[in-house]
There are 2 protein chains.
Amino acid sequence: MPTEIPENSVGIVTPQVYSFDEPLKLRSGQELPAYDLMVETYGTLNEDASNAVLICHALSGDHHAAGYHSSEDKKPGWWDSAIGPGKPIDTNRFFVVALNNLGGCAGSTGPTSINPATGKPYGSDFPIFCVRDWVNSQARLADRLGIQKWAAVVGGSLGGMQALRWSIQYPERVAHCVVIASAPKLTTQNIAFNEVARQAIVKDPEFHDGYYLEKDTIPKGGLMQARMLGHITYLSDDGMALKFGRDLKSGKLNFNYDSEFEIESYLRYQGERFSGQFDANTYLLMTKALDYFDPAAAFDNNLAECLKQAQCKYMVMSFSTDWRFSPKRSEEIVNALMEADKDVSYVEIESDKGHDAFLLPIPRYMQVFDAFMNRVASNQGLI
Amino acid sequence: MPTEIPENSVGIVTPQVYSFDEPLKLRSGQELPAYDLMVETYGTLNEDASNAVLICHALSGDHHAAGYHSSEDKKPGWWDSAIGPGKPIDTNRFFVVALNNLGGCAGSTGPTSINPATGKPYGSDFPIFCVRDWVNSQARLADRLGIQKWAAVVGGSLGGMQALRWSIQYPERVAHCVVIASAPKLTTQNIAFNEVARQAIVKDPEFHDGYYLEKDTIPKGGLMQARMLGHITYLSDDGMALKFGRDLKSGKLNFNYDSEFEIESYLRYQGERFSGQFDANTYLLMTKALDYFDPAAAFDNNLAECLKQAQCKYMVMSFSTDWRFSPKRSEEIVNALMEADKDVSYVEIESDKGHDAFLLPIPRYMQVFDAFMNRVASNQGLI
C-alpha cells in the first residue's frame with residue numbers, strides 16, 4: 001500500500017464468505033451440492049437497491065477488484081483503476097459487488113477446496129463450469145444481498161462473456177451491461193491456444209491426473225508454460241516490440257539456451273510468479289468455460305436472435321491492438337445488438353497494450369467508461 | 001507413392017552423404033571438427049555449372065524436397081509442388097540441390113549424431129548454429145559439387161533467411177535470390193513463441209538436460225506441445241476457422257478435458273506425429289537460429305546498408321494471411337532492397353492458408369514463382 005491511502009481508493013477492504021446450501025445444477029448435468037463464494041463489496045447499497053454493480057472477473061481474476069486488504073499490501077485490487085470514489089465505477093454512487101467465481105482458487109469453492117464426499121481436495125473431481133453456471137451462482141448472491149436488478153453488470157474478457165450472458169439469462173435483472181474486450185464466442189485459434197496451455201498442464205508429471213494436492217505437489221512447470229503462452233496473447237505484437245524489442249539481457253548473445261532476450265526473461269518471470277499463486281485445475285476450468293461460451297448456438301448461431309431477449313442498455317468497448325479478442329469480435333456483438341434493436345454504444349480505444357489494455361487506466365478508455373457509468377447513474381435516478 | 005510416378009515428378013531419388021573434414025568455425029566461437037551433409041539433387045548440372053539452384057529448408061524441413069525415396073513412399077518430398085519437370089523450379093532446366101542443414105536430424109551431422117570426442121550422441125553438446133554458419137557449410141557443398149555461382153538460392157521462412165544471408169555473405173556466388181514468407185529478423189512476439197516452445201521441451205522431465213538419447217528416452221510431450229504451438233502460428237486465424245470452426249468431435253460437448261473440438265484433436269495429432277519423428281535438440285537449435293538472425297544488426301540496424309553488398313536479383317513473396325511472417329515483414333526486405341538500389345520483384349499472394357501457404361501449390365503463387373524462375377533461366381542463358 002502507498003504510505004497514505006489515495007483519496008480515490010476504496011481503502012482497506014475485507015472479503016466476506018457467503019455460503020450456499022442449495023445445490024447448484026450445472027450445464028454439464030453435474031451438481032455442486034453446496035458452495036462458498038468469496039465476495040468483496042465497495043460503497044453502500046441504497047434503499048431501493050437500485051445502485052448495485054456486479055463486476056465479473058476474467059481468467060485469472062478474483063473478488064479483490066479494488067482497494068487494499070491491509071496496510072502491508074503493495075498493490076491494490078486488479079481493477080482499482082476503474083473502481084473507487086470519482087472513478088468510472090464510482091463507489092460514491094454505486095454499490096459494487098465483486099466475487100471469486102466458483103471453480104476459482106481465491107476463496108470460493110473450487111478444485112482446491114475439500115470435497116465433502118471424500119474429505120480430500122476436489123482436484124479433477126470439481127465439475128466443469130460454463131459461463132451460465134457462474135451467472136446462476138451470481139444470481140443467488142444477488143438474492144442474498146437483496147439485489148433484484150443490477151444497475152449494471154460489468155466485465156472484461158471472460159468477464160464480458162458473463163455480463164453478456166447475464167443480459168440474456170436474467171433480462172429482467174440487468175439494467176445496463178458493459179462488455180469490454182470480449183467476444184460472442186472463441187475463434188478456432190483461441191480454442192487452439194487454450195488447448196496448448198491445457199496440454200502443458202496435464203502433461204506435467206506433477207499433474208497426477210489433477211490430484212496433485214493429494215500428492216503434496218503442483219504442476220508448476222506446466223502452469224508456467226501455460227501462463228507464458230497466455231501472456232503472449234494478452235500483449236500486442238507492437239506493444240511487445242516497443243517494450244522489449246530484440247534487447248538482450250546481457251547486452252550480447254551468449255549462444256546458449258538460457259534466456260538471452262529480455263522478452264524471454266520477462267515471460268519466464270511472469271510464468272514463474274503466476275505458477276506459484278494460481279491453481280492449475282482452476283486454469284483448466286477457466287479455459288474450458290471460455291471454449292464453451294457460445295450463447296448464439298442455441299439460436300441456430302443467430303446472435304441477434306439470441307440477444308433479442310435482453311432488456312438492458314449496452315456499452316461495448318474494444319482495444320485497437322487486442323488480437324486475443326479483437327475489435328472485430330466486439331463489432332460482432334454490436335452488430336447483433338443493433339440488429340436486435342437494442343440500445344448499444346460502442347467505442348474502440350486506441351492502445352498499443354493489446355488485450356491487457358482493459359485493465360489499464362488509459363485516459364480515453366476511462367473517459368468513455370465514466371461517461372457511460374454517468375448515464376447508468378442517471379438512468380437509475382442516482383444523480 | 002501413387003501407383004505410377006507422375007510425369008511432373010523427379011521420380012525416385014537417393015540421398016547422398018557428403019563428408020567434410022575441414023573444421024567449420026561457427027559464429028558462436030565454437031567449431032565443428034568434421035561433419036556430414038545429407039544431400040539430394042534433381043536434374044543435371046550443365047557444363048558451365050550455371051544452372052544450379054540451392055533449396056534452403058525451414059525449421060522442420062530436410063534434404064528430401066522432391067520425388068520419392070521408394071515405391072512404398074506415400075508422400076513426395078516437402079516441396080514437390082514447386083520442384084520437378086515443368087514446375088517452377090524446373091528440373092529439365094535446373095540442377096537442384098537440397099540438403100539437410102547441420103544440426104538437423106535427417107542425416108546431416110546434428111545433436112543425434114555421435115560426438116567423436118565422447119563416443120556418445122552430441123545431445124546438448126552440439127554447438128548452436130546461426131544462419132551464417134549454415135550458409136558457410138552450404139558454400140563448401142557448392143565447392144564440392146563444382147558450383148561457383150548459384151543460378152538461384154531459394155527458400156521459404158527460415159529458408160528465406162538463408163537465401164537472404166547467402167546474397168550478402170557470398171554476393172559473387174548468387175545470381176538470383178528467392179525469399180518466400182520470410183523476415184529480415186524475428187519480432188519480439190516471434191521470439192516469445194519460440195521461447196515458450198523451448199520451455200515446453202527443456203521442462204519435460206525426459207529432456208535430461210538434452211542428453212535424453214543416452215537415457216534411451218525422448219522428451220516427447222514437450223516436443224509435442226512445441227509443435228502444437230508452432231502449428232497454430234503456421235495457420236491463419238481465418239483458415240483455421242474455415243477448416244475446423246467450432247466443430248465438435250462427437251457432435252456434442254462432453255464436459256471433460258479430452259479433446260472435444262476438432263481443432264484440439266487435429267493439433268494433438270500433429271504434435272503427436274511430429275514428436276515421434278523429429279529431434280528435440282534440433283528443434284531448440286532451429287528456433288535459436290531463427291531468433292539470432294538479424295543481418296542488419298552489424299550495419300547499425302540499417303537493412304538497406306546491409307543489402308548494398310548484394311549483387312543478385314531478388315524475388316520476394318508473401319502470403320496475405322501469414323501472421324508468423326506477415327507481408328509487412330517481406331515489405332521491410334523489399335523496401336530496403338529498393339533503397340539499396342537492387343533489382344527486386346515483390347508479390348503478395350492471396351491465401352487463407354497462413355504461413356503454411358508457402359508449401360502449397362497455390363495457382364497464383366506457382367504462376368508468379370514460375371515466371372521468376374523463367375527469368376532466372378533466361379538470365380543464365382538456359383533458354
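## Nonpolar cores

In this predicted model, the largest nonpolar core holds 219 residues, and A:Ile180, A:Tyr365 and A:Phe369 touch the most other members. Set aside the neighbours of A:Ile180 within four places in sequence. A:Ile180 is then in contact with A:Tyr365 and A:Phe369, among others. Its partners also include A:Trp79, A:Val154, A:Met317, A:Phe319 and A:Phe358. A:Gly155, A:Gly156 and A:Ser157 belong to the list as well.

A second core is separate and has 36 residues. Among them are B:Val13, B:Val53, B:Phe94 and B:Ala357.

## Aromatic pairs and clusters

Over all chains, the structure holds 36 aromatic pairs. B:Phe20 and B:Tyr35 make a stacked one, with 5.1 Å between centres and 15° between the planes. This pair links distant parts of the chain. B:Phe20 lies in strand 1 (residues 16-20) of chain B and B:Tyr35 in strand 4 (residues 35-42), 15 residues apart. Both B:Phe20 and B:Tyr35 are buried.

B:Phe244 and B:Tyr266 form a tilted pair, 4.6 Å centre to centre with 45° between the planes. B:Phe244 is in the loop between helix 5 (237-243) and helix 6 (262-275) of chain B, while B:Tyr266 is in helix 6, so the pair ties together parts 22 residues apart in sequence. B:Phe244 and B:Tyr266 are both buried. In chain A, five residues form one aromatic cluster: A:Trp78, A:Trp79, A:Phe319, A:Tyr365 and A:Phe369.

## Charges over rings

Two arginines of chain A sit over aromatic rings. A:Arg144 lies over the face of A:Phe20, 4.2 Å from the ring centre. The charged end of A:Arg227 is placed over the ring of A:Phe274, at 4.1 Å from its centre.

## The interface between chains A and B

Contacts join 52 residues of chain A to 52 residues of chain B. The buried area between the chains is about 4,700 Å², and carbon and sulfur atoms give 65% of this. On the chain A side, A:Arg246, A:Phe255 and A:Tyr257 lose the most area to chain B. Together they account for 18% of what that side buries.

Charge pairing also crosses the interface. There are 10 salt bridges between chain A and chain B. One residue pair is B:Glu264 with A:Arg198, whose closest N and O atoms are 2.7 Å apart.

## Salt bridges within the chains

The whole structure has 32 salt bridges over all chains. In chain A, A:Glu332 and A:Arg329 meet at 2.9 Å, N to O. Both lie in helix 9 (residues 327-339), 3 residues apart, about one turn of the helix. A:Arg329 counts as buried because its relative accessibility is 6%. A:Glu332, at 32%, counts as partly exposed.

A:Arg375 and A:Asp343 form a salt bridge at 3.5 Å, N to O. This one links distant parts of the chain: A:Arg375 is in helix 10 (residues 363-379) and A:Asp343 in the loop between helix 9 and strand 14 (344-349), 32 residues apart. A:Arg375 is partly exposed at 31% relative accessibility, and A:Asp343 is partly exposed at 33%. In chain B, the side chains of B:Glu305 and B:Lys308 meet at 2.8 Å, N to O. B:Glu305 is partly exposed at 36%, and B:Lys308 is partly exposed at 45%.

How values were computed
Residues are numbered from 1 along each chain as its sequence is written. Chains are lettered from A and ligands numbered from 1 in the order in which they are written. This is a predicted model: local features need pLDDT of at least 70, side-chain atom pairs count only at pLDDT 80 or more; totals for chains, interfaces and linings use all residues. Side-chain values use heavy atoms; hydrogens and water are left out. Rings of Phe, Tyr and Trp (its six-membered ring) pair if their centres lie within 6.5 Å; planes under 30 degrees apart count as stacked, over 60 as edge-to-face and the rest as tilted. Helices (H or I, at least four residues) and strands (E, at least two) are DSSP runs, numbered from the N terminus. Buried means under 20% relative accessible area, exposed over 50%, partly exposed in between (1.4 Å probe, protein chains only). A charge sits over a ring if NZ of Lys or CZ of Arg is within 6 Å of the ring centre and within 35 degrees of the ring normal. A nonpolar core is a set of buried Ala, Val, Leu, Ile, Met, Phe, Trp, Tyr and Cys residues joined through side-chain atoms within 4.5 Å. Contact means heavy atoms within 4.5 Å. Buried area is the accessible area (1.4 Å probe) that two parts lose on being put together, summed over both. A salt bridge is a side-chain nitrogen of Lys or Arg within 4 Å of a carboxyl oxygen of Asp or Glu.
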